[in-house]
Amino acid sequence: MKDKNLIQQPIALRLSSYFFLIFWCIVAAFPIFWISVMSVKLPLDAFNSNPLNVIFGMETLSKGKGLSLIDITVGLSIILFTAKLTTGWLGRMVNKYSPNGYLGFGWIIGAMAFGLSFIIIFFGIMPSVLSLFNDISGPLGNNILGFSTEHYSTVWFEMDFIKNFQNSIMVTTGVVTISLTFGTLAGYGLARSGSNLAFWILIIALIFRALPHSVLVTGYLPFFINSAEILRPIFGESAPTLYGMPWATVAVLVAINQPFTIWMLRSFFQSIPSELDEAARVDGCSHFQAFRRVIMPVMWPGVITTGLFSFLLAYNDFLVTSMLLEAQNTTMVPAIASMFNMETTTTDQVVAVAAAVSIIAPLFFLVMFFQRQIVSGLTAGAVKG
Amino acid sequence: MNQKTFLAFIGPSVLMMVLFIALPLATVLKQSFYVTQPVYQTLEVETCSPTFTGQVCLKEIKTIPIIGDNGKVITQTNFVGFVNYQNVIEFPRAIAAFANKSWSQFMAIDFWKALRFTLSFTLITLPLVLLFGLLIALCINNAAKSIRGPVIFISLLPMIITPVIGALSIRWLFIGDGILTSFLEWWLVRDIAMFAQAWTIELMMMMYRVWHVAPFAAIVFYAGLQTVNQDTVESAIIDGASRWQKLRYVILPHLMPLIVFVTLIHLMDSYRVFEEVVGFSSQAHVISLQWLTYDFLTSDLMGNRSIGRASASSMLTMIGIVLLLIPVLRGVWLDYKGKRL
């Protein structure tokens with residue numbers, strides 16, 4: 001006995017629910033969309049108070065920098081095609097070609113190769129081919145949309161942003177590898193132990209997770225500045241000054257990240273049935289052998305997800321890196337802070353916008369590649385409680 | 001798993017947490033009772049300037065820092081007890097402000113200003129995040145299957161964006177005659193300057209934070225909605241529950257553990273509000289507790305960093321978050337004990 005009227009929602013409710021979703025999507029995407037638009041316009045357009053002028057970029061267009069209808073269609077279709085490939089084809093290829101038990105590395109290498117070939121095609125080959133087409137195709141080849149990449153070239157080639165980029169890569173790689181190595185071991189141990197000690201470690205980790213990062217930085221900073229003198233008795237004259245060393249901040253970020261990592265990995269390991277390692281134990285494996293031979297091949301989805309969140313923490317960090325690194329040699333996020341603080345002309349502002357878009361572009365692709373893993377990671381910790 | 005293997009598995013991680021979290025915490029506690037200062041000496045300096053009629057000499061008594069053999073300023077560290085804490089809290093000024101019943105005087109003290117903002121920021125954004133998260137989750141759950149994926153994709157963007165840049169992207173929409181400011185001006189027919197007074201900046205910061213965190217809440221709640229027991233829902237409908245009653249008495253109780261989880265995470269994260277202050281460059285109007293510590297740590301023009309004061313404000317910040325979390329942690333503890341009994 002199902003009352004049709006109660007199961008079926010009234011049309012007003014359905015409509016307002018859809019309207020709210022559309023509203024939310026606009027709110028969610030608009031600021032990001034807008035700064036990407038601003039970053040390819042000349043300053044006069046980018047900070048124009050009329051939104052249409054910003055989008056079409058009249059001023060930019062009048063300087064002869066723009067995109068034609070052909071450019072836009074080809075560019076958009078390449079982007080859509082890439083998106084389609086990333087969601088389906090790439091995953092199948094990685095699953096097919098990565099050696100057994102190394103799915104994680106397969107994903108990393110696959111994603112890197114894919115991203116690199118996209119960059120080469122999109123930024124290297126496409127513009128020159130398209131300019132050829134524009135010349136021969138008459139009215140369709142006329143520029144209709146203002147578009148200029150000069151701020152990006154300022155950021156990347158004149159301002160040495162590549163150095164900041166390298167530092168970011170170094171810090172994030174270090175943080176992800178180290179925190180995952182320690183985290184998987186601990187997470188597995190905690191998931192398989194019901195002892196009181198395990199509970200207390202988890203609770204203390206939760207409290208550590210709540211620590212404001214500035215508290216830890218206050219503990220590290222004096223040590224980092226004076227480390228050459230403090231460490232001299234141990235390392236002799238070669239004792240390093242840790243202040244300003246990108247690799248030294250890795251330790252701080254790993255420590256900040258570790259409580260979260262073990263919580264998350266623990267809940268992943270709990271979802272792997274313990275009968276699996278018990279069976280291996282019956283067959284004569286030690287705990288470590290069982291971990292290596294039975295658990296490691298099936299743990300990659302959880303490890304990839306946790307790795308993503310470690311990556312985000314290290315990549316997005318501002319406080320630790322800006323405090324412990326010298327202003328000339330930081331990672332990307334602190335670098336941009338100094339950029340917009342010294343902004344004097346509108347050109348500087350648009351350059352800062354371009355730098356900001358450069359920083360978040362990899363994150364955009366990250367969501368595209370790993371949407372499912374991110375969602376499962378967010379919910380895994382929560383549903384288990 | 002026996003105790004020994006357990007220790008072998010968790011050992012490296014625990015050792016690292018002790019070495020890199022617990023130890024620094026202990027140093028912070030110690031530092032908060034000490035002050036490091038350059039050692040000064042008083043010298044009588046005679047400076048003479050040649051003039052036509054002879055020399056004019058001035059004798060001055062100057063205090064200058066002693067410079068050691070290696071070219072660095074010699075410093076000494078003294079135990080000062082609670083002086084650092086007093087310097088941060090500034091009780092006399094606070095009491096004077098109370099005596100005058102002057103809120104603005106009270107808010108002129110950095111620590112109380114930061115505390116006021118941090119707490120109101122945390123407590124105002126919390127219900128908004130829960131509400132918006134729940135709304136978005138219900139709407140996604142209500143939508144056709146084919147559009148859920150794209151909507152979740154777009155929802156994830158504000159969540160994973162670098163916080164400083166997220167704040168900047170909102171700031172660029174409003175700064176000067178940014179398009180949203182000019183839209184508001186056109187709509188309200190008046191001049192608006194969003195960065196001229198504290199409350200508009202605070203409003204933008206809170207808006208940014210809700211925008212940044214609501215997707216997280218939404219996705220957690222959406223996952224919870226997938227596991228609602230359909231039989232219970234159906235029996236509620238048969239018993240004549242209205243749509244609202246269904247939500248209130250079936251779905252919300254089912255989501256309760258997740259609401260607690262999101263509350264816990266949000267309390268932790270919004271209490272350490274910091275990136276907003278940087279992104280909106282709001283330090284002249286609005287500061288947070290983390291920013292206060294950060295400011296103490298940043299070296300001033302002379303190259304001095306007030307480590308002692310920073311440590312004291314760190315300790316106070318930490319006490320704050322522990323107090324804030326006690327109710328939630330108590331719930332977790334009772335739950336754990338209940339499960340074991």
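## Before you start

The structure is a predicted model, in which local features need pLDDT of at least 70, side-chain atom pairs count only at pLDDT 80 or more, and totals for chains, interfaces and linings use all residues. Residues are numbered from 1 along each chain as its sequence is written, while chains are lettered from A and ligands numbered from 1 in the order in which they are written.

## The two chains

Chain A holds 20 helices and two strands, and chain B has 14 helices and four strands. Helices (H or I, at least four residues) and strands (E, at least two) are DSSP runs, numbered from the N terminus. In chain A, 39% of the 385 residues are buried; in chain B, the buried residues are 33% of 341. Here a residue is buried if 20 or more other C-beta atoms lie within 10 Å of its own, exposed if 12 or fewer, and partly exposed in between, with C-beta atoms placed from the backbone.

Take contacts between residues at least 6 apart in sequence: in chain A, 74% of them join residues at least 24 apart, and in chain B the figure is 66%. Two residues are in contact if their C-beta atoms, placed from the backbone, lie within 7 Å.

How spread out is chain B? Its radius of gyration is 28 Å, well over the 20 Å that the globule rule gives for 341 residues, so chain B is more spread out than a compact globule. That radius is taken over C-alpha atoms, and the globule rule is 2.2 Å times the number of residues to the power 0.38. Along the principal axes, the C-alpha atoms of chain B fill a box of roughly 110 × 70 × 45 Å.

## Where the chains meet

The contact between the chains draws 74 residues from chain A and 77 residues from chain B. On the chain A side, helix 2 (residues 11-39) gives the largest share, with 14 residues. That side of chain A is made of 56 nonpolar, 16 polar and two charged residues. For these classes, Ala, Val, Leu, Ile, Met, Phe, Trp, Tyr, Cys and Pro count as nonpolar, Asp, Glu, Lys and Arg as charged, and the others, Gly among them, as polar.

One helix pair spans the two chains: the axes of helix 2 of chain A and helix 6 (residues 145-160) of chain B come within 9 Å and cross at roughly 45 degrees. Axes are lines fitted to C-alpha atoms, for helices over the stretch in contact, and angles run from 0 to 180 degrees between N-to-C directions. The two helices are therefore oblique to each other; angles under 35 degrees count as roughly parallel, over 145 as roughly antiparallel, 65 to 115 as roughly perpendicular and the rest as oblique. Helix 2 of chain A passes helix 6 of chain B in a left-handed crossing, meaning that the near helix is turned anticlockwise from the far one by less than a right angle (clockwise would be right-handed). A:Leu21, A:Cys25, A:Ala28, A:Ala29 and A:Ile32 meet B:Val151, B:Ile154, B:Ser155, B:Leu157 and B:Pro158.

## Helix pairs within each chain

In chain A, helix 10 (residues 161-192) and helix 17 (residues 300-316) pack at about 140 degrees, with axes 9 Å apart, which makes the pair oblique. Their crossing is right-handed. Residues of helix 10 in the contact include A:Val171 and A:Val175, and those of helix 17 include A:Gly307 and A:Phe311. By class, this contact has eight nonpolar, eight polar and no charged residues.

In chain B, helix 7 (residues 163-174) and helix 9 (residues 198-226) pack at about 130 degrees, with axes 10 Å apart, and helix 7 is thus oblique to helix 9. B:Pro163, B:Gly166, B:Ala167, B:Ile170 and B:Phe174 of helix 7 make the contact with B:Met204, B:Tyr208 and B:His212 of helix 9. Six of these residues are nonpolar, two are polar and none is charged.

## Two residues to look up

B:Tyr271 lies in helix 11 (residues 243-271) of chain B and counts as buried, with 22 C-beta neighbours inside 10 Å. Beyond residues up to four places away in sequence, B:Tyr271 touches A:Pro212, B:Thr118, B:Thr122, B:Ile321 and B:Leu324.

A:Asn48 sits in the loop between helix 3 (43-46) and helix 4 (51-56) of chain A. A:Asn48 is buried too, with 21 other C-beta atoms within 10 Å. Leaving aside neighbours within four places in sequence, A:Asn48 is in contact with A:Asn53 and A:Val54.
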